[in-house]
Structure formats: C-alpha cells, structure tokens
Amino acid sequence: ARKTARARYDEVVAAAGEWQLPRAVRDAMRAWRFDQATTLLDDAAAILDQRATIATSAAASGLTVPASLQAAFENPDGFVSARLQAAAETEAIQRYDAAVAARPAKTDLLQEVGLWGTTPAADLDQARTRFAAGDLAGSASAASSAASTWAGAEDVGRGRLVSLGLLALAVVLATILFGLWMRGRRQAGRAGGAATTMAVAAGIPGLDDASDLDG
C-alpha cells in the first residue's frame, strides 16, 4: 500500500511542477494513512487537470491566468479553496468568451442608436484586466455587462427610434395646434375690431359710412 501511494505521490508531484502539495498530503504519507493520502492526491490531480484546461482556455481567449489558483492549491484545506477557485476562473472565462461572441463585427443603425451612452468595449477590457488581477467576480460582471449591452443593442435602438418618432410627432401636432390657436385669436381680434368700429359708427350722428371715419 505504501509503495502504491508513494508512486501516486511522485506522479502528482511531477504533474504539479512548481506548485507545492499541501502539508496535509505529506502528513498523511508520513503517518501511513495511505487511503487518506490517495484521496488527497486524486483531488490534487483533478485540480491540476483543471489548471491545464484553464490555461488553454485563457490563452485561446487572450486572458492572463492569475496566480490565485496556485495559492488555493497550496492551501491546507483539502483543496476546497482550489475547487472553488478553479470553478470561478472557468466561469469568468466563459463569461468573457460570451461577451466576445456577442460583440457585432459591424453595427447597423439600430445597434448604433442602441449603443448610445454605453461602453461595452471598455467593459470587456475591464473584464480582461480584472481576470489577470484575480478579481474573478468583477471580471465576470464586467463581461456580462458587455455581453448584455451588445446583445440588446438592436432592441434598445428600435425602442429609442420609436420614442424619437413619437416625440417628433408630438412636436408637429403641438405646432399645428398652436398655429390653429393663434389663427383663432387673430380672427377673433379682427372680428372684435370690426364690431368696435360698427359700434362707434352707430353712435356718431350724421355718420353714413365707414369712409367718414377717416381723419
């Protein structure tokens, strides 16, 4: 049993390279708790396989892998932190890739209008920077924001154009109504002036027609 466990230990150590196995593994080997040691070694090997997958995926996405996974791997908690860290890195890479996939190669009018006031490209850059710094939650959030903005740009643009059209229609109608109101006021003013003239004429003795009012 010791020989089998030792062979497995050497295999995992070689795979780990510069990463150090946590003390719990060595302690189990020294105490001849080979079942426990083998379980820990299998967990370590699984994390190392994820490390390779993450490195490959990050390189393909143009991302720099942070050093956080190594620190979690060497943590003496039975690889709990390492599993969580590996899952978070994988999720962040997937979110980043989804944002890149959502980015349109060329934007049309609706998308351009929908993107007014937004910065999805800057969000994507921020996601890349935060990933390299180990801020995986921040990276995933920034990538999701960029993906959502690009994916919804056409619908947002369509809604904005409809709103602008309705606003323009409202302005035109308001202008027409105002013009009609002003015309009515002018007509009312002329009618009032004519009535006043007739009243004045009617009250002056010997005034036969409107021409007598001149002068």
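Visitor: Which residues does Val-25 touch, not counting residues up to four places away in sequence?

Guide: They are Tyr-9, Leu-40, Leu-41 and Phe-79. A contact here means heavy atoms within 4.5 Å. This is a predicted model, in which local features need pLDDT of at least 70 and side-chain atom pairs count only at pLDDT 80 or more, while totals for chains, interfaces and linings use all residues. Residues are numbered from 1 along each chain as its sequence is written, and side-chain values use heavy atoms, with hydrogens and water left out.

Visitor: What makes a set of residues a nonpolar core?

Guide: Its members are buried Ala, Val, Leu, Ile, Met, Phe, Trp, Tyr and Cys residues joined through side-chain atoms within 4.5 Å. Buried means under 20% relative accessible area, and exposed means over 50%, with partly exposed in between (1.4 Å probe, protein chains only). The largest such core has 41 residues, and Val-25 is among those with the most contacts inside it. Its largest share, 10 residues, comes from α3.

Visitor: Why is Trp-32 called exposed?

Guide: Its relative accessibility is 58%, so Trp-32 counts as exposed. Trp-32 sits in the loop between α2 and α3, and its phi is near 65 degrees, a positive value in a residue other than glycine. Most residues other than glycine have a negative phi.

Visitor: How many helices and strands does the chain have?

Guide: There are 8 helices and 0 strands. Helices (H or I, at least four residues) and strands (E, at least two) are DSSP runs, numbered from the N terminus.
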